[in-house]
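Let's walk through this one in a few questions and answers. Have the model open as you read.

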Amino acid sequence: NDYGLVVIEARETIIGGADLSTPWVCDGPCNLISGNNEFGIMNQGLPAGGEPTPGTVDTGTKVLGNFIGTDLSGTSAIPNLAGVDLSYQTGGNIVGGSSTLGEGNLLSGNQIDGVVIRDAWANDNQVSGNRIGTTADGNNPLPHGETGVKLYGGASNNLIGGESAGLGNLISGNVLNGVWLEVEGTTNNQILNNRIGTNVLGTSALPNGEGIGIVRFASNTDIRNNIISGNATNGLFLSESTGNQIS
């Protein structure tokens, strides 16, 4: 396929489902979404080339408990070009949820990126409780060719992780970056309670090339309560960026 699953101007779609009984095992409601030439999942508020209007289209899609870019065991890559794409005025979507409730996705092994949030008005999305760039057990690298989570092109007010530990992502093992934000207008995003560059327990290194990068006038990022450790180059790199808080 070109794309595994395409959601355009569709509301309240659920892809997969929570599985508390066997988390990080692809059975029950889990979808295996792998081997596609483009994105595993593409979610757009408006069709590409459609008439843009100011503001976000709240599509409310939930992507829960899937394996995206791996084999059924979660130990080997069957890559899509990239895992999940949220773009073109899409908002109010959740990729993952609480890892303690079996809502997190395994997003690993894709050719370029795990999760991409891009374009102006790609706002108010949440990426939480996932394992991004590791095997299903969270103890070995299964890298994306570039970045775990990438935000650019004016994406704003998005949340990577969450206020509680169970909403944090494991973002490790990726070739270039764990999290990357760039371009003016990419602003007011939050990165909270993630483990970036370690194993799932935070006890040993699973390096990204770089932990977090904020560049090219991306601004006002709130980075709190993360473990950023073990990465191959920088834990955190800022260039041409203002108003960020690191705590």
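A quick definition before we start: a pocket is an open set of grid points with protein on both sides within 12 Å along at least five of seven lines, and its lining residues have an atom within 4 Å of a point. Also, keep in mind that this is a predicted model.

Q: Which residues lie nearest the centre of the largest pocket?
A: The largest pocket has a volume of about 260 Å³. By class, its lining has five nonpolar, nine polar and two charged residues. Of the 16 lining residues, the ones nearest the centre are Ala165, Gly168, Asn169, Arg195 and Val200.

Q: What is the bridge partner of Arg195 in S23?
A: Strand S20 covers residues 195-196, and two bridges join it to S23, the two running parallel. In S23, Arg195 has as its bridge partner Ile227.

Q: Which strands are the edge strands of the open sheet of seven strands?
A: Pairing in this sheet is parallel, and the order reads S3-S7-S11-S14-S17-S20-S23. An edge strand here pairs on one side only, which picks out S3 (32-33) and S23 (227-228).

Q: Why do the rings of Tyr3 and Phe39 count as stacked?
A: A search of the whole structure turns up one aromatic pair. The ring centres of Tyr3 and Phe39 are 6.4 Å apart. Planes under 30 degrees apart count as stacked, and these rings qualify because their planes sit at 20°.

Q: Is Phe39 buried or exposed?
A: Phe39 is in strand S4 (residues 39-44). The cut-off for buried is under 20% relative accessible area. Phe39 has 11% relative accessibility, so it counts as buried.

Notes: Residues are numbered from 1 along each chain as its sequence is written. This is a predicted model: local features need pLDDT of at least 70, side-chain atom pairs count only at pLDDT 80 or more; totals for chains, interfaces and linings use all residues. Side-chain values use heavy atoms; hydrogens and water are left out. Two strands pair if DSSP finds at least two bridges between them. Helices (H or I, at least four residues) and strands (E, at least two) are DSSP runs, numbered from the N terminus. On a 1 Å grid over the protein atoms alone, a cavity is a set of points where a 1.4 Å probe fits but cannot get out, and a pocket is an open set with protein on both sides within 12 Å along at least five of seven lines; lining residues have an atom within 4 Å of a point. Grid points are joined across faces, edges and corners, and a volume is the space filled by probe spheres set on the points. Ala, Val, Leu, Ile, Met, Phe, Trp, Tyr, Cys and Pro count as nonpolar, Asp, Glu, Lys and Arg as charged, and the others, Gly among them, as polar. Rings of Phe, Tyr and Trp (its six-membered ring) pair if their centres lie within 6.5 Å; planes under 30 degrees apart count as stacked, over 60 as edge-to-face and the rest as tilted. Buried means under 20% relative accessible area, exposed over 50%, partly exposed in between (1.4 Å probe, protein chains only).
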